[in-house]
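Hi everyone, thanks for coming. Let's walk through one structure together, a few residues at a time.

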Amino acid sequence: MKTSTRKFALLLAFLLLAGVAEAQSILSGKGTSMPAYIGELATNVGTGYGQYRSVRTEALDVVQPTVVGTVYLTDDWSSGELFITLNRMLEAESFKYDIENNQFLINTTNSPSPTPDQLRVINSTAVDAFKLADPILGDRVFVNATHAGLTINGQPATGFVEVLVNDEGISLFRKVDTELIRASYNVAFNAGDKNDRIVRREDYYLKKGNQKELLEITGKKKQNLSYFSEQQPAMTAFLKKNDIDFNSAPDLVKLVSYYNSLSK
């Protein structure tokens, strides 16, 4: 009896040692057996793919990438008018302008969450301008930069620009674009943003008289003043007195309107 017990103990020890050796060879990448992962445990189940247990798709943990933000000019559906080529006008009760794809989505049912079959798409190439009814800012007017022949740094401008000041002297435009900022999450430090983000970026431009070139307003005061060379002393004094923010639409409207008043 003691002999049998001793033999069983030796056999058990051999099997345990063999199992440890095989597990180490698997972890080192040199083993031939396939580990089946159950939760946080890895169990050696033999050689070949046939040893895997089948699971349902819904049982798998899948992390879907998340994008925060929107590619649309406005978060909510807006009403307004689309001035289409060949002198046609479409009165839209509910629409959005897709900045990234440069197209319009028309909500045919005026539903807060329309289904795809309730939407109609109008490509921007068919639209010369559009007017958007903003509940806070009032009517906002946008013109197709390409159709208007506008240029930036000598190259044709794309998309739509919003008219903030329209004058024979200097006009002011705002251009809204989207930018994708990739997730910056660092697992090791558990820091950063886990989501990709779409942000809207606003740039401002001046246009002199009948010229087609758009002059970008930057954070450089000296460069911006050069655009008002005819009235530079007066404009310099105006800037000092009013502490103009070159990233603020109301401040820029005030600045350009003052310049135009000097020229009349």
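Leaving aside its neighbours within four places in sequence, which residues is Thr218 in contact with? They are Gln223, Asn224 and Phe246. Please keep in mind that this is a predicted model.

So where is Thr218? You'll find Thr218 in the loop that runs between β15 (213–216) and α2 (221–226). Its side chain has a polar atom 3.1 Å from the backbone nitrogen of Lys220. Now look over at Phe246: 28 residues separate Thr218 and Phe246 in sequence, yet their C-alpha atoms are 7.0 Å apart in space.

Let's stay with Phe246. Not counting residues up to four places away in sequence, Phe246 touches Thr218 and several others, including Tyr204, Ile217, Leu252 and Leu255.

Phe246 also belongs to the largest nonpolar core, which has 19 residues. Phe246 is among those with the most contacts inside this core, along with Leu172, Leu206, Ile217, Phe228, Leu252 and Leu255. Which elements give two or more residues to this core? Those are β13, β14 (196–208), α3 (232–242) and α4 (249–262). The most comes from α4, with five residues. There is also a second, separate core of 16 residues, and Ile99, Ile106, Phe160 and Val176 are included in it.

My last stop is Lys175, in strand β13 (residues 170–181). Is Lys175 buried or exposed? Its relative accessibility is 7%, and buried means under 20%, so Lys175 counts as buried. The side chain of Lys175 makes a polar contact with the Asp177 side chain, at 3.1 Å. Beyond four places in sequence, the contacts of Lys175 include Phe160, Glu202 and Asp203.

How values were computed:
Residues are numbered from 1 along each chain as its sequence is written. This is a predicted model: local features need pLDDT of at least 70, side-chain atom pairs count only at pLDDT 80 or more; totals for chains, interfaces and linings use all residues. Side-chain values use heavy atoms; hydrogens and water are left out. Helices (H or I, at least four residues) and strands (E, at least two) are DSSP runs, numbered from the N terminus. Contact means heavy atoms within 4.5 Å. A polar contact is a pair of N or O atoms within 3.5 Å; within protein, one must be able to donate a hydrogen and the other to accept it, and residues adjacent in sequence count only if both atoms are side-chain atoms. Buried means under 20% relative accessible area, exposed over 50%, partly exposed in between (1.4 Å probe, protein chains only). A nonpolar core is a set of buried Ala, Val, Leu, Ile, Met, Phe, Trp, Tyr and Cys residues joined through side-chain atoms within 4.5 Å.
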